[in-house]
Amino acid sequence: MSVGRRVLLLSNSTLHGAEYLQHAYEDISKFLKERGVSRILFVPYALKDHDGYTSKVKRVFEKWGYGVSSAHEEKDPVQAVKDAEAFFVGGGNTFQLLKALYDGKLIEPIRKRVLEDGIPYIGSSAGSNVATVSICTTNDMPIVYPPSFAALGLVPFNINPHYLDSNPEKHMGETREERIRQYHEIPDSPPVVGLREGSLLLIEGDRISLKGNQCARIFMP
């Protein structure tokens, strides 16, 4: 595990009754300020409307005092990753996001910048999923086909964002817990953190802290 790793993983970007990212403002702001970040490279590939998504993110971060550039606007996204002060990888569809990272040859450059150079990484929902070992515990539909389910591997576990303990009344489908237990029937599958909405994980080197207003569940294989 990397000593220099600095990762902040949000379960969700919007909490009921709050504006975009507002529930995580203090944690995000402290995370970036402690590292002297002034500009963020946004990765918008989890949603199809890259321009609209980028505008939404820029409004929030610029209001907080940070500059934002988007990977999709860069002539050379790989070079932009190499030059970035920090990353914010937004939510949406995890399969779409991971495929775009593979297609753009961004997997290894991002991994190197975070694990070897200590560049801060913020992920939300799908952006948190791709920071883990694999995207096998996402809630999303496989609308596209990435070449692999293996993700960035910034942490040695998987996440199930938006985790719920139970299903609605009279719904007979599997609970999230049952789905994760089924996943752990696969040999060599990693632990899974069921991260409830409003919660986030702060990873600094080998230290992992749970932040936010909810607890989390840890599932071991």
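**Salt bridges, a helix and a strand**

Guide: Happy to! Let me start with a network of salt bridges that links Asp165, Glu177, Arg181, Arg196 and Arg217. Keep in mind that this is a predicted model.

Visitor: Good to know. How many salt bridges are found in the whole structure?

Guide: A search of the whole structure gives 15.

Visitor: Phe219, you say. Which strand is that in, and what does it stand opposite?

Guide: Phe219 is in β10, and Val192 stands opposite it. Strand β10 (residues 216–219) pairs with β7 in the antiparallel sense, over four bridges.

Visitor: Does β7 have another partner, and if so, which strand and in which sense, parallel or antiparallel?

Guide: Strand β6, residues 158–161, pairs with β7 over four bridges in the parallel sense. There, Asn158 stands opposite Val192.

Visitor: Nice. Which residues of β7 are buried, and on which sides?

Guide: Both faces of β7 (residues 192–195) are covered. Val192 and Gly194 are buried on one side, and Val193 and Leu195 are buried on the other.

Visitor: Switching to helices: which residues of α4 are buried?

Guide: In α4, residues 94–103, the buried ones are Thr94, Phe95, Leu97, Leu98 and Leu101. Looking down the axis of α4, these buried residues fall within an arc of 165°, so they line one face of the helix.

Visitor: What about the ends of α4? What caps the N-terminal one?

Guide: Asn93 does, with a side-chain oxygen 3.0 Å from the backbone nitrogen of Phe95. After the helix comes Lys105, which has a positive phi, near 55°.

Visitor: Back to salt bridges. Which residue does Arg35 pair with at 2.8 Å?

Guide: That is Glu204, with 2.8 Å between the closest N and O atoms. This pair links distant parts of the chain: Arg35 sits in the loop between α1 (25–33) and β2, while Glu204 is in strand β8 (residues 199–204), 169 residues apart.

Visitor: Are those two buried or exposed?

Guide: Arg35 is buried, with a relative accessible area of 18%, and Glu204 is partly exposed at 32%. Arg35 also forms a salt bridge with Glu34, where the closest N and O atoms are 3.4 Å apart.

Visitor: One last thing: which residue forms a salt bridge with Lys112?

Guide: Glu116, and the closest N and O atoms are 3.9 Å apart. Lys112 counts as partly exposed, at 42% relative accessibility, whereas Glu116 is exposed, with a relative accessible area of 60%.

Conventions
Residues numbered from 1 in each chain as written. Predicted model: local features only at pLDDT ≥ 70, side-chain atom pairs only at ≥ 80, totals over all residues. Heavy atoms only, no water. Buried < 20%, exposed > 50% of the residue type's maximum accessible area, 1.4 Å probe, protein only. Helix = DSSP H or I, 4+ residues; strand = E, 2+ residues; numbered from the N terminus. Arc of directions from axis to C-beta. Polar contact = N/O pair within 3.5 Å; in protein donor to acceptor, adjacent residues only side chain to side chain. Salt bridge = Lys/Arg side-chain N within 4 Å of Asp/Glu carboxyl O. Pairing = 2+ DSSP bridges.
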